[in-house]
Amino acid sequence: MTLPKPLARYATLTGFVELARSLSVDPIELLRSAELDPSGLDLQDRWVPAASIVRLLELSAVVTARQDFALRLAERRRLSTLGPLSVAIRDEPNARSALRMLIRFQHTYNEALFIDITERDGLSTIVLRVEPGEPMPVRQATELAVAVIHQLLQYLLGDRWRPVSVCFEHGRPDDDSTHRRVFDAPLVFDGNYSGIVVYTGDLDLPNRLSDPVLRRYSQQVLDDLSASETPALERRVRELVELLLPTGRCSVDQVAASLGVDRRTVHRHLARSGQTFTGVVDDTRAELAQRLVTSGRHTFAEISEMLSFSAPSGFSRWFTRRFGMTPREWRKRSEA
């Protein structure tokens, strides 16, 4: 079975528009070149293919001639970019538990990012991998991820904290001044991994921001996140269905795998609100069909393919049953 492509939230691109404009390039044109909907930036929790975000970052670095593009983007982020998870992380007792929480729930914000921690001889190595699901350069996405983890540790441990070293598998940029400024630590390029080396003892230092009184509330936020509250899961299922329909691989197994649960969990959560997966697919297909037929930008054959019908005639029959008129009649009335 073909594995589903990993997804990431639009929140990953927080600050992108402002940064692009500050470098005198058109952010809307860049987004469209990477097959991303510019209006989606207003929907921070919306999921899109991680490969599209990785492609956008690489393209942006080329167009702006700034190899430090991702680092500049990281500087515009805040802990709150992680959404509800940021509330729980902020009140963890130390950096170690915060990182463990980030690893546990990493699938809730970026399915293409993988984080591991190894410890040896008083040093801890935080290794990051970006796997967008297809072969492509990941230099910018990797530097963004490393910078964000560095930012998190500094947020928890204080501005005076410094890592032992910061490592990248890719080569040194022509100008590494931004890297030196952002990380303020020895840099290793062309290394065996990408990540951050810290003193193990630093991970056990008390989190200066942790509030024991608020930890109970933070734990509730975490429990809600872990339980995948039904309305949130329904919304995510619909988003995934809309994303997977054009690929011809929109199945409950694909959706469940992307959510990090089994198919029974998907069915159970939908059933609580009287829905079925088949019904969600049909409703989502109907919403897309209305939008695509009304817009007039695509032929009916193209729409048929985009909605995973085997032939235009099948699409036409389905549309007529669903809306009481043919796609052609619908389009004519929309144009009137």
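Hi everyone, and thanks for coming. One thing before we start: this is a predicted model. I'll take you from strands to a helix, then to some rings, and finish with loops and salt bridges.

Let's begin with strand 7, residues 195–199. How much of strand 7 is covered? Mostly, it is: four of its five residues are buried. Now look at the strands beside strand 7. Strand 4, residues 123–130, runs antiparallel to strand 7, and five bridges join the two. Strand 5, residues 165–167, also pairs with strand 7 in the antiparallel sense, over three bridges.

Is serine 165 buried or exposed? Its relative accessible area is 12%, so serine 165 counts as buried. Leaving aside residues up to four places away in sequence, serine 165 touches Pro186, Gly195, Ile196 and Val197.

One of those names comes up again with histidine 150, a residue of helix 7, which spans 139–157. Histidine 150 is buried, because its relative accessibility is 3%. Which residues does histidine 150 touch, if we again skip those up to four places away in sequence? They are Trp161, Pro163, Val182, Phe183 and Ile196.

Trp330 belongs to one aromatic cluster with Phe309, Phe315, Trp318, Phe319 and Phe323. How many aromatic pairs are there in the whole structure? A search finds 11. Take phenylalanine 309 and tryptophan 318: their ring centres are 5.4 Å apart and their planes meet at 45 degrees, so this pair is tilted. Tryptophan 318 also pairs with phenylalanine 323, this time edge-to-face, with 6.3 Å centre to centre and 90 degrees between the planes. Phenylalanine 309 and tryptophan 318 are both buried, and phenylalanine 323 is buried too. There's a charge here as well: the charged end of arginine 285 sits over the ring of phenylalanine 309, 4.9 Å from its centre.

Serine 24 has a phi near 65 degrees, and you'll find serine 24 in the loop between helix 1 (16–22) and helix 2 (27–33). Alanine 65 has a phi of about 60 degrees, and alanine 65 lies in the loop between helix 3 (50–64) and helix 4 (69–74). Serine 24 is exposed, with a relative accessible area of 70%. Alanine 65 counts as exposed too, at 64%.

Last stop: salt bridges. The structure holds 16 of them. Glutamate 75 forms one with arginine 181, and their closest N and O atoms are 2.5 Å apart. What does this pair link? Distant parts of the chain, 106 residues apart: glutamate 75 is in the loop between helix 4 and helix 5 (84–90), while arginine 181 is in helix 8, residues 177–183. Another salt bridge brings together the side chains of aspartate 253 and arginine 263, at 3.3 Å from N to O. Aspartate 253 lies in helix 12 (252–259) and arginine 263 in helix 13 (263–272), so this pair ties together parts that are 10 residues apart in sequence.

Key:
Residues are numbered from 1 along each chain as its sequence is written. This is a predicted model: local features need pLDDT of at least 70, side-chain atom pairs count only at pLDDT 80 or more; totals for chains, interfaces and linings use all residues. Side-chain values use heavy atoms; hydrogens and water are left out. Buried means under 20% relative accessible area, exposed over 50%, partly exposed in between (1.4 Å probe, protein chains only). Two strands pair if DSSP finds at least two bridges between them. Contact means heavy atoms within 4.5 Å. Rings of Phe, Tyr and Trp (its six-membered ring) pair if their centres lie within 6.5 Å; planes under 30 degrees apart count as stacked, over 60 as edge-to-face and the rest as tilted. A charge sits over a ring if NZ of Lys or CZ of Arg is within 6 Å of the ring centre and within 35 degrees of the ring normal. A salt bridge is a side-chain nitrogen of Lys or Arg within 4 Å of a carboxyl oxygen of Asp or Glu.
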